[in-house]
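Me: I'd like to learn how to read a structure like this one, feature by feature. Please give me the general idea each time, then the case at hand.

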Amino acid sequence: MDRYFSVMLNLIGRIPGLEDNLLYDMVSELLLTVLDRKASPDDFPGLEAMTPDSLLVGLLNDPRCRTRADLHVLGGDLQGAGMWGSLKALATDLFYLEDHDLVVNTPSMFGGAAFGDGALYWIDTGPGVNRFHYFRRADTADRLSEKTLLDA
């Protein structure tokens, strides 16, 4: 996230006329504050839960940990369609170096704590598959709401 925000701020800051723009200053200050406080569970609990070295993620990824939680894994692998979509997918593939849904590496969705009753999985693939559209896509939303994920 630090890298994304840094690149974003630097690119936007190079647009002529923005260096003295109040909106740019406000957005920059907001992003820098988020970066400064991102590891604080009190300020950003959702971000802390996604930080690879956080306590929560460490517990969830520990195969020695056992739980009877009702786990459902809804994941995906982004694939490009057409020239522009393929170029976008290639750019993100070069960053992740493995299958992903723009946020999470797909193989990481299968590890972690042992679940007593097993886990239900659905890994979707295709050009419209990414972390931001799972609930907009009929197939993934239906599978989640009906609990018809594939039995692991």
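This is a predicted model: local features need pLDDT of at least 70, side-chain atom pairs count only at pLDDT 80 or more; totals for chains, interfaces and linings use all residues.

Reply: Gladly! Helices (H or I, at least four residues) and strands (E, at least two) are DSSP runs, numbered from the N terminus. Residues are numbered from 1 along each chain as its sequence is written, and side-chain values use heavy atoms, with hydrogens and water left out.

Me: How many helices and strands does the protein have?

Reply: There are 6 helices and 5 strands. Along the sequence, their order is α-α-α-α-β-β-α-β-β-α-β.

Me: Back to T106: is T106 buried or exposed?

Reply: The general idea is a set of cut-offs: buried means under 20% relative accessible area, exposed over 50%, and partly exposed in between (1.4 Å probe, protein chains only). T106 has 6% relative accessibility, so T106 counts as buried. Across the protein, buried residues make up 26% of the 152 residues.

Me: Which residues is T106 in contact with, leaving aside its neighbours within four places in sequence?

Reply: A contact means heavy atoms within 4.5 Å. With those neighbours left aside, T106 touches G76, D77, D99, H100, D101 and I123. For the protein as a whole, take the contacts with a separation of 6 or more: 57% of them are between residues 24 or more positions apart.

Me: D101 is on that list. Which side chain meets the side chain of D101 in a salt bridge?

Reply: A salt bridge is a side-chain nitrogen of Lys or Arg within 4 Å of a carboxyl oxygen of Asp or Glu. Here D101 pairs with R131, at 2.8 Å from N to O. D101 lies in the loop between α5 and β3 (114-115) and R131 in the loop between β4 (120-126) and α6 (138-146), so the pair ties together parts that are 30 residues apart in sequence. D101 is buried, at 0% relative accessibility, whereas R131 is partly exposed, at 31%.

Me: How many salt bridges does the structure hold?

Reply: It holds 3. One of them joins R137 and D124, at 3.1 Å from N to O. This pair also links distant parts of the chain, with R137 in the loop between β4 and α6 and D124 in strand β4, 13 residues apart. R137 is partly exposed, with a relative accessible area of 22%, and D124 is buried, at 6%. D62 and R64 also form a salt bridge, at 2.8 Å from N to O. There, D62 is buried at 19% and R64 is exposed at 72%.

Me: Now a helix. How many residues does α5 have, and how far does α5 reach?

Reply: The expected span of a helix is 1.5 Å times one less than its number of residues. α5 has 15 residues and runs 21 Å from its first C-alpha to its last, close to the 21 Å expected at 1.5 Å a residue. Just after α5, L97 takes a positive phi of about 65°.

Me: Which residues of α5 are buried?

Reply: They are G85, A89 and Y96. They cover an arc of only 30° around the axis, which puts them on the same side of α5 (the arc is that of the directions from the helix axis to the C-beta atoms). As a general point, an α-helix has 3.6 residues a turn, so residues three or four places apart point the same way. What covers the buried residues of α5 includes β2 (72-78).

Me: Which residues are exposed on the other side of α5?

Reply: M83, W84 and L94 are exposed there. W84, in helix α5 (residues 82-96), has a relative accessible area of 62%.

Me: Which residues form a nonpolar patch on the surface?

Reply: Patches are made of residues with over 30% relative accessible area and no salt bridge: like charges are joined within 9 Å, nonpolar side chains (Val, Leu, Ile, Met, Phe, Trp, Tyr) within 5 Å. Here the patch consists of M83, W84, L87, L90 and L94, with about 630 Å² of accessible area together. Such areas come from the Shrake-Rupley method with a 1.4 Å probe; for residues, only the protein chains shown count as cover.

Me: One last stop: where is the place of L9?

Reply: L9 belongs to helix α1 (residues 2-13) and is buried, with a relative accessible area of 11%. Neighbours within four places in sequence aside, L9 contacts Y24, S28, L31 and L32. L9 and S28 are 19 residues apart in sequence and 6.7 Å apart in space, C-alpha to C-alpha.
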